[in-house]
Structure formats: structure tokens, C-alpha cells
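Let's take a walk through a protein structure together. Have a look at the sequence and the model below, and then we will go through them step by step.

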Amino acid sequence: MSTLRENRGGPLKQLADFLDDRTGWRGLMHEALYERVPGGARWRYVWGSTLVFAFMTQVITGLFLWASYSASAQTAWESVWYIQHEMTGGWLLRGIHHFMAQAMVVLLALHLLQVVIDGAYKAPREVNFWLGLVLMMLVLGMALTGYLLPWDQKGYWATRVATNLAGIVPVIGPALQKLVVGGPDYGHHTLTRFFALHAGFLPATLVAFLVLHLALFRKHGLHARQPITRPDGMFWPDQLLKDTVAMLAVMAVVLGVILVPAVRTMLAGGQVDWSHAGAELGAPADPSQPYAAARPEWYFLFLFQFLKVFEGWGATGEFLGAILVPGLIMGVMFLMPILGNWKLGHRFNVAFTLGILAGVAVLTGLALDEDYYALWADKQQVAEAAKLFDETGGDEAKLLAAVGGDQAKATYGAITDVAVEVVLRDANGREVAKANHTTKRRHRARPSRPVFARSAALRPALRQLPCPCRSGGPGGGDDPGQVVGGESPRLRHGRLDAGPARSGSGRRASLLRQYGAQGW
Amino acid sequence: MNHDATDSRRGFLTKLAAVACGGLATLAPVAAGVWAFLDPLRRKAAAAAFLPVTELSAIPDDGVPRQFAVIADRVDAWTGFAREPIGAVYLRRAKGSRQVEALTATCPHAGCFVELEATRCFRCPCHNSTFTLDGGIVQPSPSPRPMDSLECRVGENGEVAVKWQNFRTGIAAKEASA
């Protein structure tokens, strides 16, 4: 039995000694922090730590969001609206959670890439690589389940698609779908189940796997990038400093995404509406309204696009595109540590990973591109206008000259990227407000983030509406059909503004949009 | 300065920088969370307002209190409720009188629902605070004050309205909750 130390030194040191004698915390800290880093600290080792940090951020913001979220079909959208528009700092809290989730997927890809390129999956670290892949699937699972929770059009329709695809899994598909959805229909039970998965089962499982992942990481030590040219360093503080700087950078990017639009508005002398900063909240889920912008979050877009490859194949195509091929890819990834033992195995693994990432990038780009063009009726016209615009640098006089004085054509060139006239009508079809919105940045025109949603010009009109406006409009095939909510949070009993809106009492304003102020 | 001292100072600065960066990065989610979490502190109780409760004819003029529900439209954070019970009052009037006395059913001790016991007295089922029919305190009592009376108005057509409000419990003064 150890003898207690004599009390010496200042009161802080005395307290530390007292606690150390009784808990052994110094030994634990030493154990936790003093890990040798062969070849010294490097920036390329930071990704794992940034992922842990991102997860911590999600736990913190998630718990605080939980304190104001109500998972039911009647209250989920409303409570998220309340967080975003009514609670002080709610927009920031939601914004951090929303964008850190996206950052986490990017960090995941970087971590995986670094591990594969460095060959860190090879013996004796195979099991840890597998644990990492499980962690990846858990993170993606949380991303998928979190998407539904606001119960807005976007999450609702995307989840319908995702769960319907789960339903085509052979044999167990229909049962699986029913279990996930919580019955034959989407509603309360879907939300409570997704919420339990998102905030309970999945993170708890993730923590368990993370503990194993870290334990094995410590057991085998850091896999050093060869050749080692510099002297060894220590995890604390050498590597940890790099790690924390990277964490800070990740947080800065996330905060930047949330704050930059607001700062730009401020610099332009405008008034910032903070409740519209950060994460977007679409119109409430409504099975009776068409929603052509049913897209998954951008990091799942490649899967969405991949399915289109099998268009015309029917159910077989769905099975191939949504289940078999992704399953095979995951299978190959699980086999990587074994494949790596072959002579060319490592090269294959690196090439495979890079190939998959390139494929993901191409498919994502295609999906974005198609959606962009889908918004503007005529691809040819857009291309023509863009070319004209590029050639003349947007200068109106030059433009006019280039098209031989044809004013109509010149206008259409000048408005190249996006010119949208937004007309807000009440239920009787009367015009409430009109705004022209132009942007030079074409890819903002993604359907899930329609250009008009944040149109500053439209906002005063939205504010005057008696109720949060809901998606509406003609609901054509390319209709993004959504608008960020208006100002009134006062919802009537049960469902927000649902019944009377449909019966045309005039309380709901519908948003009509016409492409091309100049006729296209 | 010897080599060790430089090393240890650089080590200290590295440690300080690491802790500062980590702390700063973690501060953002914590601060955003706490900021939103403190939001309820801004919320104020609804202002007291006269709410129609019943008709004069529904209150027998025998001096015995009768219990009535207070119904009102209510906005509960993100849900609006139309005509929902928000509390209860005891109303009574003397023989032939048009004057109605109103007591809130909330016990001034800890907020339980005070019950009318066999038309003789009020008793709170939680800690046995007992009150006379006019709300007066019966000692000894855990309640720091008599039952809270409410302003009451009787309209020309006999509609009875009560100025509904909640009071802080557990203190001797009758003070509206903010």
C-alpha cells in the first residue's frame, strides 16, 4: 500500500497531490496523453481527432436541440420552427449541428483516404480498419436519420425514397421498411423511431465502437508515414496542438458557412434576419403537395444519381443501384486489409478508393448539374445565354452589339445565370407581392435550396402573411416548391394551417414562380 | 539559457496553445447551446385577462363554492390550442346576491389542486393545508397565505368573468407569476 505524500508546495499542488493519492489521476493522464508519435507530429494525422471533435460537437448541440425538439408529426416541424425563429441563438445552435454533420462526412472521407493511402489498414491494424468502416456506416446512418427530423418537405420526401428503397431488399425488405417507418404509413411513429435511432441507438453504438477503435489505436500505436526522417514526437502536446488547430479550423469553416451570408448582408448595408441564418427549414411535410426537389443531402446525392444509371431496368435496377453495387463496394472495402497482402494489393486499394471517390464526385456533379438545368426549361437556351454572357463579359452594350441589336436576345444573355420573378399570391390568386431575384451563381439554383428561398426582396412580403407560408404553387415537374417560413409562429390546434389552407380560406398564400422574367 | 529550459518553455507554450485551440473550438457549440437553453428566461407569463367562466344562474346562491374550469385559447411554445382548460376556480355567492366571489383552485403552498371537502372547507390533498369557505387560512397550516382570490365581474346578462392569473406559491405575499 502506498504511503500518502507529505503536504508540500502551494495549495493547488497540495490539492492535486491529494487527488492523485486517492485517484491516481496523474497516471491516467499520463497513460492517456503520452503516446509516442514515430517520426514526429504531422498534419496528416489530424483527421481522426477532428472526427472525434465533430462527434463531440454533434453530441453537445444535439442534446441542446433535444431540449426543444418534439418528435411527432404534429409538432416536429413546429418545434424546429420555434428553435430556428423564436429561440435566442436557436439559428446558431441548429446551424452548427446541421453543417457540422456535413463537415463530419467530409472529414470521414479524408480520414479514410489518409488511412488507405498510408497503408494504415495493414497488419496488425486490420480489425481497427473494420471498426472504422462500421463507424463510418454509423455516422452515415445518423446523417440519414437526422435529415427527417425537422419533418419538412425535403426530409419527408427524401426519407420516403430512402425507406422505399430499403423495402426492395430481397426477402426482408418489406418487413424492414415497416420496422423503420413504424408501420405502413409515415407519421408519428416514423419520427419517434428515427429520433430514437438518431439520438439514442446509433450514437450509443457509435460510442461503443469508438472506444474499441481508440483502444486498438493505442494498442498498435500510430501508423507512421514511411520513411521516418525526423525524431519521434509525443502525442501531447506536439500532435495534439496540430489536432486542436485542425479542430478550430473545422469549427471556423462551419461558423463561416453560417455567418458569411449574414456578414455579407451587413456589409451591403442590409438588415440581417438572424432567424433565416444557418440551416434551412423547408415547408412542413405535406403528402398532398408535389415536391420535385426530393433530394437527399448532398453527400448522398451520388447514390441518388447512381440509381438513374439503371433507369428502365425496373425493380432489378433499383436493387442493383441501391443495394447490390453499394453493398459490393462496402464488401471490397472490408476486404482491403486482406487484399493489401497481395503484391499489388495496396496499389489496388488506393486506386479503388480514389476511383470510388472520383465516381462519387462525378455523380454528385451530374446530379447538381441536372437539377440546375432542370430549373431552366431549355438547356440550349441556358448554354447559349451563358456563352453570350461570357463573351461579352456581361456588358450590356457589347451584348446588344453581339446579337445584332436584338434587344430581347440581349436581355436574355444579360440575365444569363438566374433571373427569377417570384410572385406571391394568396389563395384567391390575387397577387400579394412580386420580386425579382437575380444571382450570378448558377449552382445556387439547386432545387433543395431554391434561389428565391432567401430572397431578401421577398422577405418583407413574407412577413406580412398571417401564417408561415407553405409550399404551394403550380407544382409543375420542376417545381422546387418550397419557401422558408414566414414570421408567424402561432399555430392553430393540431396541425399548422392545414385544413383551411386546402379549402381555400385565403389564410395561406401560395407561392407562384415564373421562370425567366423575360419569358424563359 | 540552457537547452532544457528552452525546451520546457517551448513545451509549455505548445501545451498552452493546444489547450487554447481545443477550448476555443469547443466553446462554439457549448455557447450556442447554452444561449438557446437560456431562452425560457425571456418568456413572460401571459398578462392577466378577464375570461368568461360561466353564467350567474349556474352558481347556486347558497354561499357554497362551486368548481368551474377556466377555458381559454392558449399558445404553448410551438402549438396553439383553441379553447383549452388552463385552470380552475371556485365561485360562490350569497343568497340573492349578484356579487360573486372567486378563488383560484391552486394551493398557495406548493401549487396542488385544492379540493372542496363536503361543502365545509377547502383542503389541499398534498400537505393538508386547510382553508375556510371564503379562502381564509385554518391554522396550523403549511400554507403561508390564504387562498388567492381573483377579481370577478358579472355582466348585465349574467355572464361571469374572472380575471385569471397565476400567483407565486410558497411565499406570504400574493404576487403574480411573471
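Is A:L354 buried, partly exposed or exposed? With a relative accessible area of 41%, A:L354 is partly exposed, because that value falls between the 20% limit for buried and the 50% limit for exposed. You can find A:L354 in helix α13 of chain A, which covers residues 345–375. For a sense of scale, pick out A:L267 as well: A:L354 and A:L267 are 87 residues apart along the chain, and their C-alpha atoms are separated by 41 Å.

Before going further, keep in mind that this is a predicted model. Its scores are ipTM 0.88 and pTM 0.78. In chain B the average pLDDT is 91, and 97% of the residues reach at least 70. Where pLDDT is low, the predicted coordinates should not be read in detail.

Now for chain A as a whole. Chain A contains 18 helices and five strands, and of its 520 residues, 49% are buried.

What lies inside? In soluble globular proteins, nonpolar side chains tend to be buried together. Here the largest nonpolar core has 49 residues, and A:M100 and A:F129 have the most contacts inside it. The biggest contribution to this core comes from helix α5 of chain A (residues 90–117), which gives 13 residues. Apart from this core lies another one, made of 21 residues, including A:Y156, A:Y186, A:A285 and A:Y291. Returning to A:F129, its contacts beyond four places away in sequence are A:L112, A:V115, A:V116, A:Y121, A:M333, A:M336 and A:P337.

Next, look at the rings. Over all chains, the structure holds 17 aromatic pairs. One of them joins A:W91 and B:W35, with ring centres 6.2 Å apart and planes at 80 degrees, so the pair is edge-to-face. This pair crosses between chains: A:W91 belongs to helix α5 of chain A, and B:W35 to helix α1 (residues 3–37) of chain B. A:W91 is buried, with a relative accessible area of 9%, whereas B:W35 is partly exposed at 41%. Another edge-to-face pair is formed by A:Y299 and A:F300, with 5.1 Å from centre to centre and 65 degrees between the planes. Both partners count as buried: A:Y299 has 8% relative accessibility, and A:F300 has 12%. There is also a cluster in which ring pairs link A:W151, A:Y156, A:W157 and A:Y186.

Rings can have charged neighbours too. The charged end of A:K242 sits over the ring of A:W43, 5.4 Å from the ring centre. In chain B, the ring of B:F50 has the charged end of B:R153 over it, 3.8 Å from its centre.

Finally, how many residues of chain B are in contact with chain A? There are 30, and they are in contact with 39 residues of chain A. Between them, the two chains bury about 2,800 Å², with 76% of that area on carbon and sulfur atoms. Of the area that chain B buries against chain A, 24% is supplied by B:P29, B:W35 and B:W78, more than by any other three residues.

Terms used: Residues numbered from 1 in each chain as written. Chains lettered and ligands numbered in written order. Heavy atoms only, no water. pLDDT = per-residue confidence, 0-100. Core = buried A, V, L, I, M, F, W, Y, C linked by side-chain atoms within 4.5 Å. Buried < 20%, exposed > 50% of the residue type's maximum accessible area, 1.4 Å probe, protein only. Helix = DSSP H or I, 4+ residues; strand = E, 2+ residues; numbered from the N terminus. Contact = heavy atoms within 4.5 Å. Phe/Tyr/Trp six-rings, centres within 6.5 Å; stacked < 30°, edge-to-face > 60°. Lys NZ or Arg CZ within 6 Å of the ring centre and 35° of its normal. Buried area = accessible area lost by both parts, 1.4 Å probe.
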